[in-house]
Amino acid sequence: MATVAEAAGQLLYRPEEAAKALRIGRSMVYEEIRLGRLQTVRIGRRRLVPPEYIAQYVELLKHEAENAA
């Protein structure tokens with residue numbers, strides 16, 4: 001039987017999970033968070049990344065790639 005979170009899709013990603021989804025290293029995720037390029041939410045001391053922030057980060061990368069060309 002699926003949990004509520006599994007049924008609704010993952011709502012928040014740990015930085016390690018976000019790194020896996022983005023196909024980049026964990027340290028790169030933390031660097032992008034530090035630079036403010038990848039947004040997070042805080043719950044207590046934990047930093048978590050909602051899927052929409054991952055999508056915004058991908059759009060930022062695409063925009064930067066278009067401007068570099």
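R37 is partly exposed in this predicted model, with a relative accessible area of 25%. Its side chain meets that of E64 in a salt bridge, 2.5 Å from N to O. This pair links distant parts of the chain, since R37 lies in the loop between α3 and β1 (41-43) and E64 in helix α4, 27 residues apart. E64 counts as partly exposed because its relative accessibility is 32%. R37 also forms a salt bridge with E32, 2.6 Å from N to O. E32 is buried, because its relative accessible area of 6% falls under 20%. Salt bridges that share partners join E32, R37 and E64 into one network.

Another salt bridge, between R34 and E31, has its closest N and O atoms 2.7 Å apart. Both residues lie in helix α3, three residues apart, about one turn of the helix. R34 is exposed at 60% relative accessibility, whereas E31 is partly exposed at 31%. The count of salt bridges comes to five.

These pairs belong to a chain of four helices and two strands, in the order α-α-α-β-β-α from the N terminus. Of its 69 residues, 22% count as buried.

In soluble globular proteins, nonpolar side chains tend to be buried together. Here the largest nonpolar core has ten residues: Y13, A18, A19, L22, V29, I33, L38, V49, I54 and Y57. Helices α2 (15-22), α3 (26-35) and α4 (51-68) each give two or more residues to this core, and the largest share, three residues, comes from α2. Leaving aside residues up to four places away in sequence, I33 touches L38, T40 and R47.

How values were computed:
Residues numbered from 1 in each chain as written. Predicted model: local features only at pLDDT ≥ 70, side-chain atom pairs only at ≥ 80, totals over all residues. Heavy atoms only, no water. Buried < 20%, exposed > 50% of the residue type's maximum accessible area, 1.4 Å probe, protein only. Core = buried A, V, L, I, M, F, W, Y, C linked by side-chain atoms within 4.5 Å. Contact = heavy atoms within 4.5 Å. Salt bridge = Lys/Arg side-chain N within 4 Å of Asp/Glu carboxyl O.
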